[in-house]
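Work through the exercises below with the sequence and the 3D view open. Try each task before you read its solution.

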Amino acid sequence: MKYKVKIKFKKKRLIVNLVLGLVWIILGTVSVVTNDKIRWTDYGYLVIGILYVGHYLYDLANQYLTIENGTIRKNGLYGFGKKIDLSEINWIKKFAGDYTLKTEKKELKINTELIDKDSLTELNKILAGLNLPTEKTPFANRVYN
């Protein structure tokens, strides 16, 4: 498998982080400019806003999941993204809209509510192609083109 696929977040999630960041930045700026006596909490609003905008930019660049070179990686903001080899997956559980990919030693939980519709279709195709026994996959007897 020599391909790279990014499983994208829903646009709504990305926009919410951006809007929250901008609101906090505006609130912090107004608070710093209008107050005669500046408190440390006024700068806290600015910091929170910058963190939200940073989170938005990170998610926009890296998205939710990356599948490449036979591995699937859940991208994490702090560099602690979980990663497992697709060839080692021996069980896929689906519960309440989440997929749990299991190997002998690791587990990767994927929240499908966060995934863009087209990306979810792509993820389903990839996971359905893993050739797991029918009792160990929710994709048995389904065709994904």
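Predicted model: local features only at pLDDT ≥ 70, side-chain atom pairs only at ≥ 80, totals over all residues.

Residues are numbered from 1 along each chain as its sequence is written, and side-chain values use heavy atoms, with hydrogens and water left out.

**Exercise 1. Find the residues with the most contacts inside the largest nonpolar core.**

Step 1: A nonpolar core is a set of buried Ala, Val, Leu, Ile, Met, Phe, Trp, Tyr and Cys residues joined through side-chain atoms within 4.5 Å. Buried means under 20% relative accessible area, exposed over 50%, and partly exposed in between (1.4 Å probe, protein chains only).

Step 2: Take the core itself. The largest one has 24 residues, and I72, L101, I110 and L123 have the most contacts inside it.

Step 3: Helices (H or I, at least four residues) and strands (E, at least two) are DSSP runs, numbered from the N terminus. Two or more core residues come from each of β1 (4-7), β2 (65-68), β6 (98-102), β7 (107-111) and α3 (117-128). The largest share, three residues, belongs to α3.

Step 4: Look around L101. Contact means heavy atoms within 4.5 Å. Beyond its neighbours within four places in sequence, L101 contacts residues including I72, I84, W91, I110 and L127.

**Exercise 2. Compare Q63 and N69: where does each lie, and is each buried or exposed?**

Step 1: Check phi. Q63 has a positive phi near 65 degrees and is not a glycine. N69, also not a glycine, has a positive phi of about 50 degrees.

Step 2: Q63 sits in the loop between α2 (40-62) and β2. N69 is in the loop between β2 and β3 (71-74).

Step 3: Read the accessibility. Q63 counts as buried because its relative accessible area is 7%. N69 counts as exposed because its value is 56%.

**Exercise 3. Describe the surroundings of Y45.**

Step 1: Locate Y45 in helix α2.

Step 2: Classify it. Y45 has 28% relative accessibility, so it is partly exposed.

Step 3: List its partners. Leaving out residues up to four places away in sequence, Y45 touches W24, I25, L27, G28 and S31.

**Exercise 4. How far apart are Y45 and G97 in sequence and in space?**

Step 1: Count along the chain. The two are 52 residues apart.

Step 2: Go from C-alpha to C-alpha. That distance is 35 Å.
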